[in-house]
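Please look over the sequence and the structure shown below before reading on. The report then takes up charged pairs and a part of the surface.

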Amino acid sequence: MTSLPPEIGLTALVVAMTILLWATALLPEFITALLFFAAAMLLHIAPAATVFSGFASSAFWLVLSGFVLGLAIRKVGLADRLARTLAAPLTASWPRMVGGVIVISYLLAFVMPSNMGRIALLMPIVGALAKQAGLYEGSRGWTGLALAVGFGTFQLSASILPANVPNLVMTGAAENSFGLHLGYMPWMLLHTPVVGLLKGALLTLCICKLFPATPSPVTHQQRMPPLSGEELRLIAVLLLTLLLWMTDSLHGISPAWVGLTAACFCLLPRVGFLSSDAFGKGVNFRTCIYVAAILGVTAVVVESNLGNRIASALLAITPLHDDRPFLSFLSLNAVTTALNFVVTANGVPAMFTPMAQSFAEASGFSLLTVVMIQVFAYATPLLPYQASPIVVAMGLGNVPARDGLKLCLLVALVSALVLLPLDYLWFKVLGYV
């Protein structure tokens, strides 16, 4: 800390304390978030526009609109209707139920680019499915299914180029820094076997181990009443929202503003589905504040130049050797993991990618290989706060912080021991190393 200018040292202290409190859950996450805002402004470590930039980000508004859409889906009965459809095939066993939810979250990523949007659609349906199987809120089974949505949505979607925010940040950074264009199919071929399929199997095993449950099998399809007028109107809103989300590259409207518009419609008197009281009671503003603080921490780290200093320091001590490719592969993953603590998953590619040429020269890898290596690490967070979609799923499912932390650490440990060597072998098979 003594080698840093005082203003950067103060920033490092505030950021470190915030991350420590989130990591240890000594305080509720939203209180730590508010403390970060207060400390940042009192100590003048960054302008207010930077500290509170999370509230202006599209991610924040996707989270808020996701809560509203989820409330509407539950209120009109669509969640129960869809859960009844899924109950018979998925409730035969706990591994099938967990695996089925993870598969659905992965498949939805191919047609819906927004992590937050997918979570908003899936959480009320999976919650209703859990109740159909006798797994009620607060139970181990409920917690496991909520985490399956969050982890499956964020971690597996890293294998699909447009389905994950860090992927898009990395694509833009690689193009701006090096003129490197990353293709949909090469990306999928490189990352789907390990980051997609094997990670999905690992998530299923870890959730079944940490959160064992015995669902009540639904052996017959329940007869459902015809769709009500409210359900039909909400289906129309959701289909239009989904269509606009899927085609955002054509019309240029951010998924956040599409989601916000849909949420506003749900709240309109007479034509909407939710009252003001329902909005006040149902929206988890604690999680919204938490997400805004995560984004604010990232913005402060980047603007203060703290992130660049950390990245440069990591480069200086990272063991990279062109005659020891496996060690270099592990080292670059470790650098990405370390940056994930400071700037979280969305910020990692923005920090790591511009330095890829230096890493490539030191390791002997190609520039493309170094850029692609980071995907595995930022898709495997050690702590929940490093991936805001996981935080949102935990908020929607009222999952205790310690349960999300346990799953994060277990998945990260097994991924490092088993999946990371397999990822290296797959890179080698495809000729990247």
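## K75 and its partner

In this predicted model, K75 is partly exposed, with a relative accessible area of 47%. K75 forms a salt bridge with E230, in which the closest N and O atoms are 3.3 Å apart. Because E230 lies in helix α11 (residues 229-246) and K75 in helix α4 (residues 58-76), the pair ties together parts that are 155 residues apart in sequence. E230 is partly exposed as well, its relative accessible area being 26%.

## Two further salt bridges

The structure holds three salt bridges. One of them joins the side chains of R81 and E231, at 3.1 Å from N to O; R81 lies in helix α5 (residues 78-90) and E231 in helix α11, so this pair ties together parts that are 150 residues apart in sequence. Both R81 and E231 are buried.

Another salt bridge is formed by D403 and R140, whose closest N and O atoms are 3.4 Å apart. Since D403 belongs to helix α21 (residues 401-429) and R140 to helix α8 (residues 140-157), the pair ties together parts that are 263 residues apart in sequence. D403 is buried, with a relative accessible area of 3%, whereas R140 is partly exposed, with a value of 35%.

## A nonpolar patch on the surface

On the surface, L10, L13, M17, L20, L42 and L43 form a nonpolar patch, which together has about 550 Å² of accessible area. Helix α1 (residues 6-24) contributes the largest share of this patch, namely four residues. L42, in turn, lies in helix α2 (residues 29-42), and L42 is exposed, with a relative accessible area of 68%.

Conventions: Residues numbered from 1 in each chain as written. Predicted model: local features only at pLDDT ≥ 70, side-chain atom pairs only at ≥ 80, totals over all residues. Heavy atoms only, no water. Patch = residues over 30% accessible without salt bridge, like charges linked within 9 Å, V, L, I, M, F, W, Y side chains within 5 Å. Areas by Shrake-Rupley, 256 points an atom, 1.4 Å probe, with all protein chains shown as cover. Salt bridge = Lys/Arg side-chain N within 4 Å of Asp/Glu carboxyl O. Helix = DSSP H or I, 4+ residues; strand = E, 2+ residues; numbered from the N terminus. Buried < 20%, exposed > 50% of the residue type's maximum accessible area, 1.4 Å probe, protein only.
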